[in-house]
Amino acid sequence: MLLHLGAVKGGLGALMLRRVCLLSRHAHSYSQSVEHQPIKKVMVANRGEIAIRVFRACTELGIRTVAVYSEQDTGQMHRQKADEAYLIGKGLPPVSAYLHIPDIIRVAKENNVDAIHPGYGFLSERSDFAQACADAGVRFIGPSPEVVRKMGDKVEARALAIQAGVPVVPGTDGPITSLKEAEDFAKTYDFPIIFKAAYGGGGRGMRVVRNYEELEENYNRAYSEALAAFGNGALFVEKFIDKPRHIEVQILGDKYGNVIHLYERDCSIQRRHQKVVEIAPAAHLDPHLRDRLTKDSVNLAKQVGYENAGTVEFLVDKNGKHYFIEVNSRLQVEHTVTEEITDVDLVHAQLRICEGRSLPELGLKQDKIRINGSAIQCRVTTEDPARGFQPDTGRLEVFRSGEGMGIRLDSASAFQGALISPHYDSLLVKVISSGKDLPTAATKMNRALAEFRIRGVKVGLGLSHAPNLQKNELLFICLILYVCCFLNCQMSHLMVNGPATPIPVKAKPSDTDPVIPTVPIGEPPLGFRDVLLKEGPEGFARAVRQHKGLLLMDTTFRDAHQSLLATRVRTHDLKKIAPFVAHNFNNLFSLENWGGATFDVAMRFLWECPWRRLQELRALMPNVPFQMLLRGANAVGYTNYPDNAVFKFCEVAKENGMDVFRVFDSLNYLPNMLLGMEAAGSAGGVVEAAISYTGDVSDPMRQKYSLEYYTQLAEELVKAGTHILAIKDMAGLLKPEASKILIGTLRDRFPEVPIHVHTHDTAGAGVAAMLACAEAGADIIDVAVDSMAGMTSQPSMGAVVACTKGTELDTGISLEKVFDYSEYWEVARGLYAPFDCTATMKSGNADVYENEIPGGQYTNLHFQAHSMGLGNKFKEVKKAYAEANKILGDLIKVTPSSKIVGDLAQFMVQNSLTREKVEERADELSFPLSVVEFLQGHIGIPHGGFPEAFRSKVLKSLPRIEGRPGASLPPMDFQALESGLKAAHGSDITTEDVMSAAMYPKVFQEFKEFTATFGPVDCLNTRLFLEGPKIAEEFQVELEKGKTLHIKALALGDLNKAGQREVFFELNGQLRSVLVKDTQAMKEMHFHPKALKDVIGQVGAPMPGKVVEVKVKQGQKVEKGQPLCVLSAMKMETVVNSPMDGIIVKLHVNPDSTLEGDDLIMEITAEQ
């Protein structure tokens, strides 16, 4: 009677009276009034890891166990861990099943359950559930129903705390019943305020409101979440204390009035008001504050007659003042860290207390409880960091945990093959580390989390680093493991859908990998780059000019494969041969390996970062200067950029290892060239101004591009300060005689300036022309290794080395090493057979002297003609190219001007137009956009001006650009660009990424989307990258030095109803499978449309889930940030807001619609 009275009234006086009476009249009444009743069978009215935690404790104590499960949880592990398992809530929604008290009680009664453990969440803090257990004669493992009611009612708990003298945060006296009460509270105490569920915790129904505009929406969301999670939407309101420490005290009470504390836990690291990392004991907590916290907790528990396990939670502000916030009358998720530092099994204690044992009987006396070391708990959750940590679902294809000394794992669904449901909490596994102190525990946690390997869903790992002992703060890193099996996903995609990069011909990549020639051990010998680093660009230029013999630039790493293999050579194959080049070709003038078309193609087709290519090659070849192609004011793009973008690009390129900048303009337009030269020079690079060559200076009949034209242009470039003067013969038009005339004249005019000549061997006269240039005074000529030379590529390195050997032009390069180098590329070239120009073009052609098609473009046009079935009409294409060139005024033809001529030529062939017809009908034809923009002046002004009659007919009233196109562009805002990229792709955006996006916004976006799906694929060998593995093929993938995967492709499954095929692999001896959408099959099947990420008005689902509410109607006008609809997943509601101002043109969902991530919700268009 007195015990009941004390529990009901909770008054301090009543408790004192009870103790006096018991001590004076019934010294042994505890043992007489409370009978010890052993528990034989326990049901856990919960799921997941907490159910398994309780089952394990029961098994250790010899107690039989019963699990309950919903229809959606038939495959959950907690079913299998119990001795018996029963379905509850048939036909009910997933969460409602675990909230259905009558069904749970029915199962308990039918199966002779003695006691029910509520776990945490669901019904754990519902007094009506505790009462239902008591009414059914089943013990509730927790406090009495009355105490659960008092503590579960946050408002009454707050009143009890005030009564006990415990400081509290200002808040409402009772649950609020309307939005107006919240408004009145905010007016009194000001913002920020916080809504809290009156009958539950765990972050559900909790919303911070920082201004009036957010109040109504957050009130509705908090109410809805609380109702869904706890069956009661009642809320109360408190003043929100910004950036406090969240400290909670673990208590235990028995049926005899004994209450002890087991010290505190620091739960300050939270996301969306849910704890992520918990630490015990709290670091740097003042001992006096610890005493106050534990004393207040015990006093409050004794005042209400608390029994079993519970937690008293406090906020501690920056001044060290503590405020009571709530009591959780249940076991907490983070109880584990308390167990680790006190050696007290809290679940054992709960069970024994429920049986009627006293704390002293269990050896639990306050003076015996000691802190032993430190412990940390991190929650591994299935959340997608790229979507603001929205819950992710799917199947765990791989699960390998971190273990070892000092590590404890509490989990339920953490095993290979487990299905992660969208219906429940996203917790996958709890990782608990313990050690003699916090740094030791943190070190063990770091190590354990680093060992985790999870594939199939996105995962967030909370990772604690050791605290800064000087600043009383804990550093927290949220380590994200993107746990798609990237390599398997990419290879599976290839096996199902074919190559991700377009394949122009049907040829297959070779099965043979090239053999890397022997490379000496140690650092490579000194080279010309060492001269550059020591003496700077001017000293480097002097050294080049003073060099005895002919210097070579090797184009194999860029222009050679651009011309022969459609620019498709991957960094993977370049890196293999790079050390050999560094050791054996250290006397090269430079290696051309970057810029031009290789920049965008790397991202567009090879799915690799061009900057990383530069960085990796620089590390492997520190002694050879690198040269890049810079398109003047166009940088590495095909359009105009603001001046500061060109300057910034050169600066970043130089920082990443670029040395020589070959600056050119496709029209030899001097203002564009001067900007590029200034940008390269200000970055600290070697400036090599390149004059693009066309025509024939040896032909007196061709006067537009005469010797005088070239010498005058060279004069301007030398005057502007170029370190090296280059002739860029893109089409291979330099004949030996013209070479002697041009180079001889330039050498006489500029005796101190190094001269560099670049050509292509399309006509087959490249070696002769380059030797003529060398004899006329050129210091450097361009070559490619033999197996990558000839045709539309550069002249043969081996031929030049052999022809100059023993002469004044001797290159000093070993012919034997050239042969070894060539052998590697001969085999490597076979890997790129689908792109090899020899698939359609068997030789060069001297007709290039007539049509003047640049080398790389010649190859591309040949491919295009054959792919369109016009192979027999290639002669017509070449003839049309020459005619198009004349229509446009006889241009310098280098990218992008060469593309303009090519576009017009194809337009003429497709429409059967002659030059005369084009000029006659120019005012009525719809010309390619590139032609129109050229005539407007978008790429500059050609030598001799535009063909004005033709221009006027085409442009009519269209605007024209006068002067340098980029001069009128506003500066690029790199900070804003970086912020936008980080918002879209995460915080790991680098300066190099910003420059990639500045040059090619759409290409970079697609590249990031690909890598987010498939990860980095540069570790795959080229055949696997292009076509994927064959069934039963075994292969190895080296992730990094010392880390190699052994993979075997096993089988390709049939098409399922979702339009997917399952691809089976064996990875390091373990069976893996990946579901891949069959893109061809899905075209014939109906699926919910996906939102296009690059269309701002297409609103996609940020996570899988169910539509709870649609807040707008079709045709409605909305503002940016306005709530559109509400999604619910894993008991969490997310408001989807409008990304723009506009009008709803189409709704694709209804309430109760079930969505996958990125499913299209609605379409918004800008208001006209």
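Strand S6 (residues 193-197) and strand S8 pair in the antiparallel sense over five bridges, where strands are DSSP runs of E of at least two residues and helices are DSSP runs of H or I of at least four residues, both numbered from the N terminus. Two strands are taken to pair if DSSP finds at least two bridges between them. The model is predicted, so that local features need pLDDT of at least 70 and side-chain atom pairs count only at pLDDT 80 or more, while totals for chains, interfaces and linings use all residues. Residues are numbered from 1 along each chain as its sequence is written, and side-chain values use heavy atoms, with hydrogens and water left out.

Within the pairing of S6 and S8, Ile194 stands opposite Glu238 in S8. Strands S6 and S8 belong to an open sheet of three strands, ordered S7-S6-S8, with antiparallel pairing. Its edge strands, each pairing on one side only, are S7 (207-209) and S8 (235-239). From one strand to the next, the twist averages 25 degrees. Helix H11 (residues 179-189) packs on this sheet and touches S6 and S8, contact meaning heavy atoms within 4.5 Å. The direction of H11 makes about 10 degrees with that of S8; axes are lines fitted to C-alpha atoms, for helices over the stretch in contact, and angles run from 0 to 180 degrees between N-to-C directions.

A search of the whole structure finds 30 aromatic pairs. Rings of Phe, Tyr and Trp (its six-membered ring) pair if their centres lie within 6.5 Å, and planes under 30 degrees apart count as stacked, over 60 as edge-to-face and the rest as tilted. Tyr638 counts as partly exposed because its relative accessibility is 34%, whereas Tyr1000 is buried, with a relative accessible area of 7%; buried means under 20% relative accessible area, exposed over 50% and partly exposed in between (1.4 Å probe, protein chains only). Ring pairs join Tyr638 and Tyr1000 with Trp594, Phe599, Trp611 and Phe649 in a cluster.

Charged side chains also sit over rings. The charged end of Arg618 lies 3.6 Å from the ring centre of Phe626, and Arg79 is over the face of Tyr69, at 4.3 Å from the ring centre. The criterion is NZ of Lys or CZ of Arg within 6 Å of the ring centre and within 35 degrees of the ring normal.
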